[in-house]
Amino acid sequence: MNTMEDTPLQTEMRQCPCCHRQLPLTEFYVNARTGKPDSRCKACRRQASRIQRGKSALGPRTETYRSYLVLTEVEDRELRMTLIRHALRVVAESVRRRKEREAAMEDSE
C-alpha cells in the first residue's frame with residue numbers, strides 16, 4: 001500500500017485531442033490565471049509552437065526571414081542608393097508635415 005496519497009493531478013487522466021493519447025494531468029500545462037489544464041498535451045503544444053514560430057523539430061530554419069527590407073543588405077549599389085534617397089525623402093516629408101501640424105496647433109491656441 002502506498003503511504004503517500006495520490007494528488008488529483010497524478011491520478012486524473014485526460015485525452016489529448018491532437019495525439020489521442022490518454023495521459024495524466026501532469027502531462028498538460030496548467031493555465032496560471034484559471035488553474036485549468038490546457039486541452040493539448042505538452043508534447044503537442046511544443047510541436048504546435050515550433051510550427052507557429054517557423055522551426056521544425058530538427059532545429060531552426062537555415063534561411064533568415066525578415067518581413068522588411070534591410071537597405072544595407074541590398075547587393076546592387078545603385079538600387080541601394082536609390083532606396084536610401086527615397087527613405088530620406090519620406091522621412092523629410094514626414095518631419096515637414098509634423099512641424100506644420102505643430103505650428104497649426106500653436107496658432108489655434
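Helices (H or I, at least four residues) and strands (E, at least two) are DSSP runs, numbered from the N terminus. At 37% relative accessibility, Tyr29 counts as partly exposed.

Which residues does Tyr29 touch, not counting residues up to four places away in sequence? They are Lys36, Pro37, Asp38, Lys42, Arg45 and Arg46. Contact means heavy atoms within 4.5 Å. Tyr29 and Lys42 are 13 residues apart along the chain, and their C-alpha atoms are separated by 6.2 Å.

Two of the residues that Tyr29 touches, Asp38 and Arg45, also pair with each other. Their side chains meet in a salt bridge (2.7 Å, N to O). A salt bridge is a side-chain nitrogen of Lys or Arg within 4 Å of a carboxyl oxygen of Asp or Glu. Arg45 is partly exposed, at 29% relative accessibility.

## How the model is read

This is a predicted model: local features need pLDDT of at least 70, side-chain atom pairs count only at pLDDT 80 or more, and totals for chains, interfaces and linings use all residues. Residues are numbered from 1 along each chain as its sequence is written, and side-chain values use heavy atoms, with hydrogens and water left out.

## The whole chain

The protein has three helices and two strands. Along the sequence they follow the pattern α-β-β-α-α.

How much of the protein counts as buried? Of its 109 residues, the share is 7%. The accessible surface comes to about 9,800 Å². Carbon and sulfur atoms account for 53% of that surface. Such areas come from the Shrake-Rupley method with a 1.4 Å probe; for residues, only the protein chains shown count as cover.

Now take contacts between residues at least 6 apart in sequence. Of these, 11% join residues at least 24 apart.

Glu93, Arg96, Arg97 and Glu100 are linked in a network of them.

Arg97 pairs with Glu93, and their closest N and O atoms are 3.8 Å apart. These two are four residues apart in helix α3, so about one helical turn separates Arg97 from Glu93. Both are partly exposed: Arg97 at 40% relative accessibility, Glu93 at 32%.

Arg96 pairs with Glu100, with the closest N and O atoms 2.4 Å apart. Arg96 is partly exposed, with a relative accessible area of 37%. Glu100 is partly exposed too, at 46%.

## A negative patch

Where does Glu102 lie? Its place is helix α3 (residues 77–108). Glu102 is partly exposed, with a relative accessible area of 44%. Together with Glu106, Asp107 and Glu109, Glu102 forms a patch of negative charge on the surface.

Patches are made of residues with over 30% relative accessible area and no salt bridge; like charges are joined within 9 Å, and nonpolar side chains (Val, Leu, Ile, Met, Phe, Trp, Tyr) within 5 Å. Lys and Arg count as positive and Asp and Glu as negative, while His and the chain ends are not counted. The place of a charge is taken as NZ of Lys, CZ of Arg, CG of Asp or CD of Glu.

## Leu69 and Val74

Leu69 lies in the loop between α2 (42–53) and α3. Val74 is found in the loop between α2 and α3 as well. Are they buried or exposed? Leu69 is exposed, with a relative accessible area of 55%. Val74 is buried, at 11%.

The next contacts do not count residues up to four places away in sequence. Leu69 touches Val74 and Leu83. Val74 touches Leu69, Leu79, Arg80 and Leu83.

## A positive phi at His20

His20 lies in the loop between β1 (13–15) and β2 (22–24). It is exposed, with a relative accessible area of 54%. Phi of His20 is near 60°, a positive value in a residue other than glycine. Most residues other than glycine have a negative phi.

Conventions. Buried means under 20% relative accessible area, exposed over 50%, partly exposed in between (1.4 Å probe, protein chains only).
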